[in-house]
Amino acid sequence: MDRGRERFVIALTRRYAFPAAHVLSRPDRDEGWNLRVYGKCANPAGHGHDYGLEVSVTGNIQAGSGRIAEPEQIDEIVRERVLERFGFRLLNGDPAFSEVVPTAENIARVIHDELEAPLADVCGARLVRVRLHETRRNSFAYGELR
Amino acid sequence: MPLSCVRLTRVVHFSSSLRYWNPELPEAENRRLFGRRAETHGHNYRLEVTLQGEPDPVTGMVIDLKDLQEILDREIMSRFDHRDLNADTPFFGKEAPTPENLVLVIRRQLASVLPAGLLAAIRLDEDAETFVEWIEDGSAS
């Protein structure tokens with residue numbers, strides 16, 4: 001954003017959570033390869049996480065509302081596109097993960113690509129970061145914002 | 001940012017009451033525009049201030065944290081903590097005290113008293129679900 005000589009970014013973030021299961025393995029590789037690469041995450045019966053999700057958008061602060069976007073509109077999009085689709089599910093069963101392994105990196109990218117267009121169309125906001133917390137010790141960010 | 005620069009972050013917490021309200025608009029319009037946030041409510045804000053600079057060759061510090069805390073006490077805590085953002089501060093006449101606007105106010109207050117070029121980023125958490133970041137000089141790249 002350019003305001004006179006000042007250059008800065010201002011971003012609004014909403015946080016969510018959804019519980020989901022996954023299996024990290026490639027069906028085109030043998031069990032030995034999957035165990036070597038994915039370790040305990042390759043357990044064919046699956047395991048799960050309470051994923052924490054952060055959705056960050058930028059845009060102009062609207063004169064009337066004083067907001068980049070209405071949080072409730074962001075919430076509605078995220079609920080429809082992500083929480084209801086991936087929450088209480090085995091991620092491997094979702095078409096988005098038929099070709100790619102549902103690592104947290106890939107989940108973050110899938111969520112980003114799922115949200116980008118509706119956030120622009122409905123909220124007039126630009127998605128600049130999706131951060132996915134897989135456990136309290138791992139998080140994964142995707143997008144132009146550091 | 002030059003490799004010799006260091007980023008330093010300090011956190012403070014303040015609790016304030018507020019409502020989103022433009023006194024120039026009729027009550028019904030305020031309620032239509034702002035919904036439940038038009039009612040007086042409150043937040044436990046968490047403010048993260050990040051400075052960036054070269055450590056002084058003698059002291060080894062970007063800034064004395066004691067000085068930074070004094071600035072935060074004077075510019076932030078005394079203005080906002082256990083205050084009403086609408087009634088007790090001059091910043092939100094027609095502007096709603098959204099976290100976006102509050103970050104811009106905080107940024108302006110801090111930039112006016114900190115040594116030039118030191119303020120790099122601000123993050124304001126309004127509650128467990130919402131935060132706003134202000135980042136100097138563009139995004140990642």
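The structure is a predicted model, in which local features need pLDDT of at least 70 and side-chain atom pairs count only at pLDDT 80 or more, while totals for chains, interfaces and linings use all residues. Residues are numbered from 1 along each chain as its sequence is written, and chains are lettered from A and ligands numbered from 1 in the order in which they are written.

We begin with the backbone. Most residues other than glycine have a negative phi. A:Phe88, however, has a positive phi, near 60°. A:Phe88 sits in the loop between α2 (71-86) and β4 (89-90) of chain A; helices (H or I, at least four residues) and strands (E, at least two) are DSSP runs, numbered from the N terminus. A:Phe88 counts as exposed because it has 11 C-beta neighbours inside 10 Å. The cut-offs are 20 or more other C-beta atoms within 10 Å for buried, 12 or fewer for exposed, and partly exposed in between, with C-beta atoms placed from the backbone.

In chain B, B:His82 also has a positive phi, near 55°, and lies in the loop between α2 (65-80) and β3 (83-84). With 11 other C-beta atoms within 10 Å, B:His82 is exposed.

A:Arg126 belongs to strand β5 (residues 126-133) of chain A. Its 18 C-beta neighbours inside 10 Å make A:Arg126 partly exposed. Apart from neighbours within four places in sequence, A:Arg126 is in contact with A:Val57, A:Thr58, A:Gly59 and A:Ala120, contact meaning that the C-beta atoms of two residues, placed from the backbone, lie within 7 Å.

The next topic is helix packing. Two packed helices are described by the angle between their axes and the distance between the axes. In chain B, α2(B) and α3 (residues 99-113) pack at an angle of about 140°, with axes 10 Å apart; axes are lines fitted to C-alpha atoms, for helices over the stretch in contact, and angles run from 0 to 180 degrees between N-to-C directions. α2(B) is therefore oblique to α3(B), since angles under 35 degrees count as roughly parallel, over 145 as roughly antiparallel, 65 to 115 as roughly perpendicular and the rest as oblique. B:Ile71, B:Glu75 and B:Ile76 of α2(B) meet B:Ile106, B:Gln109, B:Leu110 and B:Val113 of α3(B) in this contact.

Finally, the chains meet: 20 residues of chain B are in contact with 20 residues of chain A. On the side of chain B that touches chain A, β5(B) gives the largest share, seven residues.
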